[in-house]
Amino acid sequence: MAEKRKKDSDDISIDLNRLKESAKKFFAALYSLKDSKYFTSTTIAILLILALMATSIVIRSQQYTLPITDVWAEQTIRGNIIPQIEQQIRAENPGLTDTRVRELAQQQYNAYYQANKAELDAQKKSMGEQFRRQLQDENGNTYQTGIDPWLFYSDTKWYLRNGFFGTEIVDGEQKFMLRNGRIGITYGFQWISYIGALTHYAFNLFGDYDLMFTGFFYQTILVTLTIIFAFLLGRKLGGNNTAGFFAGALFAFMPAIFSRTMETFDTDWVTFLFPIATIWALLEALDAKTLRSRIIYGAASGISLGFFTVTWGGWWYTFNLVILTIIMFFAYKYITAKYLHKEKKASIIGSATPALVVLGVFLGGLILFTFFNYGLVDRNVSVGEGLLRLTSAPEQTFRFVQEFTGGAVTGAGEQYPLWPNVFRTVAELRRSSVGDAIQGIGGILVFLLVVAGIASLVLRYKESDMYPFYALVLAAWLAIMAYSVTTGIRFHAFFAYVSAFCIAALLGTLAGPVVKKIGGWFENESLGKGIMYIIIFGGAFLLLVVPSIQASNTIVRNSVPNFDDDWVAAMHIIRDSSERAIITSWWDFGHFFQAVAERSVTFDGGDQGQRIYWVGKSLSTSDEGEAVDILRMLNCGQEESYRALLSITGNQIRATNLILEITRMSEAEARQRLQTEGFSVTDTERVLRHSHCDDLIDNYLIVSEDMVAKSGVWAHFGNWNFTRSYAYYGLGGVPLDQGVRMLMEETGLEEGAARDTLLAARRLASEREAEQWISPTPSYLMGRPASCTENDDAIGCDINVQVGSQGAIAIVLWRAIISKDNYEDTALILRGVDPLTGNVVGQQTTLRPNAVVVAEEDRLVRYDVPDSGTDLDVLLFENEFGQKRVMVSNPLLTESMFTRLFFLDGKYTDNFELVDDRTTFRGQRIITYKIDFG
């Protein structure tokens, strides 16, 4: 037996030796590929780029097939079966806890599914297909995801239809007459949509495809092309293909970047492609060994930035970065030459010459593109204006900071932001922090890799004195992006892609000098290098790239269009009912409205102006006459009447007070009021032409489910207090007594009230606090009305909405109990609930509402509750089936026009004719009214 064990041991020893020898040969052969004539650095780079591009296309293209619909189908089936099982379990075992019931129900469902798998899978497939068809047009093309893509889809559609940008030519100008009400928008050359048209033509070389189809893959293609430049820049910074690969991979799949480039026919690709291409070409120019290469790359950098200037308004940050980089290069070369290399004066001057050459050819390329664009392509702007625009980068930087922090509203004669600013409520422009951005790239550990990447380049100064310079560039670029994050969460993606280049630089260092150094410690150097390379490359891939791909895959598989067949049908009703019409709703769906209905919109995602106040007011007012007057004024001329008043008076607060007055007046009354103010006949008619016209266009108002959650925004704007705004923004730096006099003169306040208002404004600690003081953010407490049951004495309504928290306990508004004999006895019952278990914690608390508003036969009746403990109203009404329902909301919304038109189905209104009322398959209600101006 001992002899046998020895033999087995020898066999194992021999096998291990063979394995070791085989491993040596494998790694040596693998590493030796770098010396093969077929596997040069260039061919490896091409293969890696193609692999990344293919993976990007495969993952991104999944959204076209809408995999989320299969998930919905499965959830629907589960949602139909499991409650029945739970009900049966409770009936048979009434003493079981909810947690145990759910466990048993899941077990029984699993057994039921296994026993009926074929049937349930067939149901799932059929139901998933039904859901999918709701999100596709009549030709089976998936609708555009997001909202902005509908603008570029529409622009491209009209270009393909007309051969020019816009819907028609007016007085020799290209005008897009479906935006900005009846006024329209003057259009120049639209590069985004022109590239969309080229993409459409390219697809149709291989078949017959609709724009809805080709537009869906527009951004997928262009973001995938950006991977090429991300790879090249990463390779430049890190010095090898490893750095290039990880730069391309992290750019392609980092969730912070991926989520920004998910929308289909959109512009986010330009915010990555042109900055990356510009900086890559710039660094190649600065590092070029020949004048010819320096000129080619420098000019390419300028041309790339030229494209950026006409495709995205934030081009100036890259322009500033280019100039800063060239200045840093000049200073870096000068300092290293003088203090490190101890060169003579002539050599110092000579070392700075490349910076001047690159600056010259960069500006030359930029100017050349400007001549091309404004001289040949876009005739709406002169070449001179285009060149002057290039000098505005520093000013643009200042305006950017001012706009997102001070919120100035631009216009003739305006010096302070009296009117509300839409930028403060746009979700993607919400303030953020560098800490949030760090979490967005994977947390502090990943950020340490970013910092290490910059440091690693400094340590490579012996290889090339360009590496420390690249570290300076990355540090400056990262700092700029870190600041941008504080101005809006959309800039997280910019911070992420610069971070990707820093990490790529680190991996380039590890896969280059570090592998070479450690490989030399091995007896077989090639084997050592191969092992180290696979450890570094494989480890980084598993830790950084694979999780990013998984996260991005989850994002894309949950992607779904915002709009469906019912939304499209609602638009087609408007299109088929009126040859010329204006659609009014909240601004964020405006691009979709005009793209599908092909009728004008009051405002949209790229054009809001002061209409955020006017439309917000028309929705939040409880006076139907006021709502109709506002919509009439907007129908006539948007905010042009105010602009006329402002240019005539040169006084913002005076112009504002006048427009608020005359909008509520008849034409004769408004004319008399303006003449009383001393306006000439010409100026009076100039104003009235845009406020009291007699050629009104058909006007449709859409109120939809999504607007309930947005009530805090549109009601905030609609209840804007211009007196308080003037006190805070207009009189902030004026001496107190002078400010009081000015406030009295412009607003009509008595001295005491004016002084109190101005003192209150000056006690505010921040602009955010000022915004709430000027106008609150009223909202509905619940998304949909709650069902009620009634007995002889009271009406009980289950609400179950969280209204706050106390430590780890959620405070839930559980029920409203309305006394039928005395509405003042209405009670709101609050409970503490453990969010993990759903169990009630502590004792119930009872509050009295601010008021109970009852929808009676012909009017809304408000019953104020004395000594109320809350600022919430309870609205009691009946639905179309006579069932009692309640809504709990801020008092500013309870009797608003939106409440009447959406929750009360247009009851108590005379000027709003119901055109269409539908509910989508996702349960979103859409109601369309036509306005009767009388």
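**Cysteines and surface patches**

Analyst: Let me start with Cys 797: its relative accessibility is 0%, so Cys 797 counts as buried. Keep in mind that this is a predicted model.

User: Which cysteine is joined to Cys 797 by a disulfide?
Analyst: That would be Cys 788, with an S to S distance of 2.1 Å. The link of Cys 788 and Cys 797 is right-handed, with 105° about the S-S bond.

User: And Cys 788, buried or exposed?
Analyst: Buried, because its relative accessibility is 14% and the cut-off for buried is under 20%.

User: How many disulfides are there by this rule?
Analyst: The count comes to two.

User: What's the handedness of the Cys 636 and Cys 693 link?
Analyst: Left-handed, with -90° about the S-S bond.

User: What is the pairing of the bonded cysteines in sequence order?
Analyst: Numbered along the protein chain, they pair 1-2, 3-4.

User: What about Cys 502, buried or exposed?
Analyst: Cys 502 is buried, with a relative accessible area of 0%.

User: Nice. Switching to the surface: which residues make the nonpolar patch?
Analyst: Phe 330, Tyr 334, Ile 335, Tyr 339 and Leu 356, and the patch is about 510 Å².

User: Which helix gives the largest share of it?
Analyst: Helix 15 (residues 315–340), which contributes four residues. Phe 330 lies in helix 15, and this phenylalanine is partly exposed because its relative accessible area is 36%.

User: OK, now charges. Which residues form the negative patch?
Analyst: Asp 792, Asp 793, Asp 821, Glu 824 and Asp 825 form that one.

User: Where is Glu 824 found?
Analyst: In the loop between strand 9 (809–819) and strand 10 (827–833).

User: Why does Glu 824 count as partly exposed?
Analyst: Because its relative accessibility is 33%, and partly exposed covers what lies between the 20% cut-off for buried and the 50% one for exposed.

User: Great, thanks for the tour!

Methods: Residues are numbered from 1 along each chain as its sequence is written. This is a predicted model: local features need pLDDT of at least 70, side-chain atom pairs count only at pLDDT 80 or more; totals for chains, interfaces and linings use all residues. Side-chain values use heavy atoms; hydrogens and water are left out. Patches are made of residues with over 30% relative accessible area and no salt bridge: like charges are joined within 9 Å, nonpolar side chains (Val, Leu, Ile, Met, Phe, Trp, Tyr) within 5 Å. Accessible areas come from the Shrake-Rupley method with a 1.4 Å probe; for residues, only the protein chains shown count as cover. A salt bridge is a side-chain nitrogen of Lys or Arg within 4 Å of a carboxyl oxygen of Asp or Glu. Lys and Arg count as positive and Asp and Glu as negative; His and the chain ends are not counted. The place of a charge is taken as NZ of Lys, CZ of Arg, CG of Asp or CD of Glu. Helices (H or I, at least four residues) and strands (E, at least two) are DSSP runs, numbered from the N terminus. Buried means under 20% relative accessible area, exposed over 50%, partly exposed in between (1.4 Å probe, protein chains only). A disulfide is a pair of cysteine sulfur atoms within 2.5 Å.
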